[in-house]
Amino acid sequence: MEGVEADGGDAVQSLLAKWKNDVSRTFRYYLDRSAPYTFRRWLGTLAAASIYILRVYYGRGFYVISYGVGTYILNLLIGFLSPKEDPELEAPDGASLPPKDNDKFRPFVRRLPEFLFWYATTKAFIVAFLMTFCSIFDVPVFWPILLCYWIFLFVLTMKRQITHMIRYKYDPFRKKKYSGSKSD
């Protein structure tokens with residue numbers, strides 16, 4: 001009898017593993033197909049964020065979740081604005097960003113690519129929205145203090161990031177084009 005149950009259990013596990021693999025593969029397929037549609041993806045994220053904000057506003061609670069989502073997205077934004085190889089951590093001879101205009105062209109490569117930034121942001125809003133259905137996450141707090149603290153954190157972090165961008169002369173928003181070698 002035990003052998004029959006074990007075989008039945010293995011068959012169920014095998015079917016579940018196959019189903020999980022199929023769902024994962026289908027999800028990845030559609031996620032990869034959405035990659036070129038940047039504006040549409042961000043509109044979807046804006047819709048998810050709006051639904052979450054309305055849920056928090058009309059639910060009059062879940063401010064700790066909102067603070068956590070805001071801090072997480074701020075962390076993602078720093079990764080999005082930062083270069084992959086930080087010149088501050090490297091030796092002066094191996095800097096990845098050119099310190100002068102006449103140095104060799106090196107493109108700006110982000111630490112967190114736009115697609116992963118979008119994916120993590122969207123996932124954060126969806127998870128936060130789902131968390132609003134569990135009353136255990138509705139911790140009573142005085143929300144203006146959390147908001148002031150988050151604004152303070154945002155200002156300090158962005159000041160540090162902008163100072164870093166100015167010091168190492170990189171602009172993550174403007175794409176430099178390679179102009180080829182200059183011949184006189």
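Biologist: What is the relative accessible area of tyrosine 119?
Modeller: Tyrosine 119 has a relative accessible area of 23% and so counts as partly exposed; with a 1.4 Å probe and protein chains only, buried means under 20%, exposed over 50%, and partly exposed in between. This is a predicted model, in which local features need pLDDT of at least 70 and side-chain atom pairs count only at pLDDT 80 or more, whereas totals for chains, interfaces and linings use all residues. Residues are numbered from 1 along each chain as its sequence is written, and side-chain values use heavy atoms, with hydrogens and water left out.

Biologist: OK, and how many aromatic pairs are there?
Modeller: The count is 12 aromatic pairs, where rings of Phe, Tyr and Trp (its six-membered ring) pair if their centres lie within 6.5 Å, and planes under 30 degrees apart are stacked, over 60 edge-to-face and the rest tilted. One of them joins phenylalanine 27 to tyrosine 119, a tilted pair at 6.4 Å centre to centre with 50° between the planes.

Biologist: Which helices does that pair link?
Modeller: Phenylalanine 27 belongs to helix H1 (residues 2-33) and tyrosine 119 to helix H4, so the pair links distant parts of the chain, 92 residues apart; helices are DSSP runs (H or I, at least four residues) numbered from the N terminus. Phenylalanine 27 is itself partly exposed, at 46% relative accessible area.

Biologist: And what about tryptophan 42 and phenylalanine 117, why is that pair tilted?
Modeller: Their ring centres are 5.5 Å apart and their planes lie at 50°, so the pair is tilted. Tryptophan 42 in helix H2 and phenylalanine 117 in helix H4 are 75 residues apart. Tryptophan 42 is partly exposed at 27% relative accessibility, whereas phenylalanine 117 is buried at 9%.

Biologist: Which residues do ring pairs link into a cluster?
Modeller: Ring pairs link Phe27, Phe115, Trp118 and Tyr119 into a cluster.

Biologist: Switching topic, which residues make up the largest nonpolar core?
Modeller: Its 10 residues are Ala48, Ala49, Tyr52, Val56, Phe62, Ile65, Val69, Ile73, Phe125 and Ala128, a core being a set of buried Ala, Val, Leu, Ile, Met, Phe, Trp, Tyr and Cys residues joined through side-chain atoms within 4.5 Å. At least two residues of this core come from each of H2, H3 and helix H4 (114-131), and H2 gives the most, with four.

Biologist: What does tyrosine 52 touch?
Modeller: Leaving out residues up to four places away in sequence, tyrosine 52 touches Phe62, Ile65, Ser66, Phe125, Ala128, Phe129 and Thr132, with contact meaning heavy atoms within 4.5 Å. There is also a second, separate core of nine residues, including Leu76, Phe80, Leu112 and Ala120.
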